[in-house]
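Please follow the open spaces of this protein, step by step, and see what lines them and what sits inside them.

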Amino acid sequence: MPRRPGKLSRADMHRLYYYMLLTRRVEGQLTHLYRQGKVVGGVYSSLGQEAIAVGTAYALEPHDVLGPMIRDSGAMLVRGYRPRDFFLQYMARRDGPTNGRDANTHFGDVTRGVIAPISMLGELVPVLAGVALASKLRAESRVTLTYVGDGAISTTPFHEGMNFAAVQKLPLIVIAENNGWAYSTPVSRQMATSDIAKRAEAYGLPGAIVDGNDVVAVYEATVEAARRARQGDGPSLIEAKTMRMKGHAEHDPATYVPRELLEAWRKKDPILCFERSLIENKLMTPKEKAAIQDRVEATIHEDLDFAESSPLPSPEEAAQLVWA
Ligand SMILES: Cc1ncc(C[n+]2csc(CCOP(=O)(O)OP(=O)(O)O)c2C)c(N)n1
Ligand SMILES: [Mg+2]
């Protein structure tokens with residue numbers, strides 16, 4: 001579960017490292033399962049942008065609500081979902097979060113404060129604005145947070161949700177994950193300005209730009225937006241600049257992305273950079289690092305065994321609770 005927001009302790013730093021590593025291993029394992037033909041549907045990855053989902057989710061309080069998108073599995077792991085939930089879900093197994101009725105990231109649980117991803121881009125913004133409105137009317141001090149990509153910002157619901165939240169001064173944080181691409185469309189063909197954050201001014205709310213590959217910067221920007229939201233100052237838009245290091249999904253080799261661009265961003269890998277900084281600043285010893293890595297591996301293996309031995313639902317079970 002997320003810790004109390006504030007200054008990050010050494011233990012917090014280790015947790016951030018753990019969750020980013022766990023995210024990468026979960027998604028890497030899903031890729032293996034996909035290539036083994038065990039996944040029903042596609043596999044989406046946050047490779048190279050794990051710091052955004054992890055840093056933002058970690059900055060929230062346990063009673064806050066978030067709405068992740070396809071590249072935010074790290075946020076779900078911070079919220080207490082286990083690797084097995086992802087393996088079971090992607091393999092459509094009976095013991096998974098949707099009991100095998102749906103594939104990939106479409107799962108959530110309001111009791112954990114997670115609203116399931118909605119495939120239609122931008123739609124989570126008005127939904128989370130609605131949750132924020134309920135929170136405000138009930139005076140619950142609950143902050144809501146959701147994510148949009150550089151493609152999703154071109155949708156009507158993004159605009160409607162942002163504007164509504166601004167007018168109503170709702171405790172909503174929108175994280176724009178600018179990873180350079182919306183499927184094969186580069187940002188330069190998505191918008192005629194350089195920064196998504198500039199739009200904030202037009203809505204009458206603060207916009208911030210952060211290095212999306214720096215988990216501490218992402219965390220701190222989110223803490224600040226949450227502080228504003230909680231004291232009634234309304235929504236914030238945070239643009240996290242990063243790079244999508246794989247294709248849109250596993251089926252997409254992304255031949256349209258210049259190789260030099262990927263090479264340049266590989267040097268800014270969020271996990272390797274954080275690891276280096278922790279070691280250099282004596283915030284993590286090599287022994288502690290190895291222990292965290294071992295813990296990640298052990299969890300992955302235990303959960304993979306569990307998921308692989310879970311059966312598919314029977315046809316009757318699969319048809320239950322299905323509306324049409
Ligand atoms: C309204 C809508 N239009 C089109 C799509 C098809 N689609 C799914 S993902 C995607 C690209 C999304 O790009 P972006 O918002 O930048 O997110 P990223 O995949 O980079 O995380 C598109 C066009 C959709 N799901 N919803
Ligand atoms: Mg994108």
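The largest pocket is lined by 25 residues, and those lying nearest its centre are Met69, Ile70, Arg71, Leu121 and His248. A pocket here is found on a 1 Å grid over the protein atoms alone, as an open set of points with protein on both sides within 12 Å along at least five of seven lines, where lining residues have an atom within 4 Å of a point. The elements that give two or more residues to this lining are strand E2 (144-149) and strand E4 (181-182), strands being DSSP runs of at least two residues, and helices runs of at least four, numbered from the N terminus. The largest share, three residues, comes from E2.

This is a predicted model, in which local features need pLDDT of at least 70 and side-chain atom pairs count only at pLDDT 80 or more, while totals for chains, interfaces and linings use all residues. Residues are numbered from 1 along each chain as its sequence is written, chains are lettered from A and ligands numbered from 1 in the order in which they are written, and side-chain values use heavy atoms, with hydrogens and water left out.

About 460 Å³ of space lies in the largest pocket, a volume being the space filled by probe spheres set on the grid points, which are joined across faces, edges and corners. Its lining divides into 12 nonpolar, nine polar and four charged residues, where Asp, Glu, Lys and Arg count as charged, Ala, Val, Leu, Ile, Met, Phe, Trp, Tyr, Cys and Pro as nonpolar, and the others, Gly among them, as polar.

What takes the space of the largest pocket? Ligand 1 does, in the sense that more than half of its atoms lie within 2 Å of the grid points. Of the 13 residues around ligand 1, the nearest are Arg71, Ser119, Gly151, Asn179 and Trp181, a residue being near if one of its heavy atoms lies within 4 Å. A polar backbone atom of Ser119 is 2.9 Å from a nitrogen atom of ligand 1, a polar contact being a pair of N or O atoms within 3.5 Å. Backbone N or O atoms of Gly151 and of Ala152 each lie 2.9 Å from an oxygen atom of ligand 1.

The second largest pocket holds about 160 Å³ of space. Of the 15 residues that line it, Val65, Val110, Val131, Arg138 and Arg142 are the closest to its centre, and helix H5 (residues 124-137) gives the most to the lining, with three residues.

Key. Polar contact = N/O pair within 3.5 Å; in protein donor to acceptor, adjacent residues only side chain to side chain. 1 Å grid on protein atoms, 1.4 Å probe; cavity = no way out; pocket = protein on both sides within 12 Å on 5 of 7 lines; lining within 4 Å.
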